[in-house]
Amino acid sequence: MNSKKANYLLLLIFVLVNNLLFAQKTGTIEVIVNGIKNTDGQIMISINKGPEGWPESNFLEQRFIPNFTAPTFLIVFKDLPYGNYAIGLLHDEDKNGEITKNFIGMPKEGFAFSRNYNVVFRAPKYNEANFELDSPKKTITINIQD
């Protein structure tokens with residue numbers, strides 16, 4: 001083997017080994033949503049990767065889903081880097097893009113958070129709703145609160 005071919009082969013081996021050693025692992029999060037009252041409006045779901053802005057902003061990804069099934073619906077997030085996440089969901093029945101509240105400030109539309117944080121007076125803090133993606137597929141179930 002000549003020197004040029006040997007150098008090329010060594011470079012190729014180095015690149016392949018480097019990619020294997022330092023490739024970021026990714027996974028899929030499947031979110032099973034239970035308790036949807038009807039198919040009016042849209043589902044708004046956001047995923048955060050860290051506490052900054054949680055739960056109102058700084059989304060890693062936010063989706064508006066106009067077609068969904070009730071009472072259960074599956075939402076899939078693919079190719080996410082392993083790490084810590086939290087999910088917030090709103091059944092935006094009137095499609096105004098925000099949570100509609102009654103006269104005392106309680107939500108009139110269904111909502112949910114990862115780890116099924118039970119909202120009484122406030123939304124969960126990030127550490128009350130977060131979970132770890134550390135495998136190729138993670139399935140979580142969240143239940144709508146009204």
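## Salt bridges in this model

Lys137 is exposed, with a relative accessible area of 52%. Here "exposed" stands for over 50% relative accessible area, "buried" for under 20%, and "partly exposed" for anything in between (1.4 Å probe, protein chains only).

A word on the basis: this is a predicted model, where local features need pLDDT of at least 70 and side-chain atom pairs count only at pLDDT 80 or more, while totals for chains, interfaces and linings use all residues. Residues are numbered from 1 along each chain as its sequence is written, and side-chain values use heavy atoms, with hydrogens and water left out.

Side chains of opposite charge can pair when their charged atoms come close. A salt bridge is counted when a side-chain nitrogen of Lys or Arg lies within 4 Å of a carboxyl oxygen of Asp or Glu. Searching the whole structure turns up 4 of them.

One of these joins Lys137 to Glu30, at 3.8 Å from N to O. The pair links distant parts of the chain, 107 residues apart: Glu30 sits in strand β1 (residues 26-34) and Lys137 in strand β8 (residues 137-143). Strands are DSSP runs of E with at least two residues, numbered from the N terminus.

Another salt bridge brings Lys37 and Glu93 together at 3.5 Å, N to O. Arg122 also pairs with Glu128, their closest N and O atoms being 2.9 Å apart. Here is how accessible these residues are:

| Residue | Relative accessible area | Class |
|---|---|---|
| Lys37 | 48% | partly exposed |
| Glu93 | 23% | partly exposed |
| Arg122 | 36% | partly exposed |
| Glu128 | 23% | partly exposed |

Key:
Helix = DSSP H or I, 4+ residues; strand = E, 2+ residues; numbered from the N terminus.
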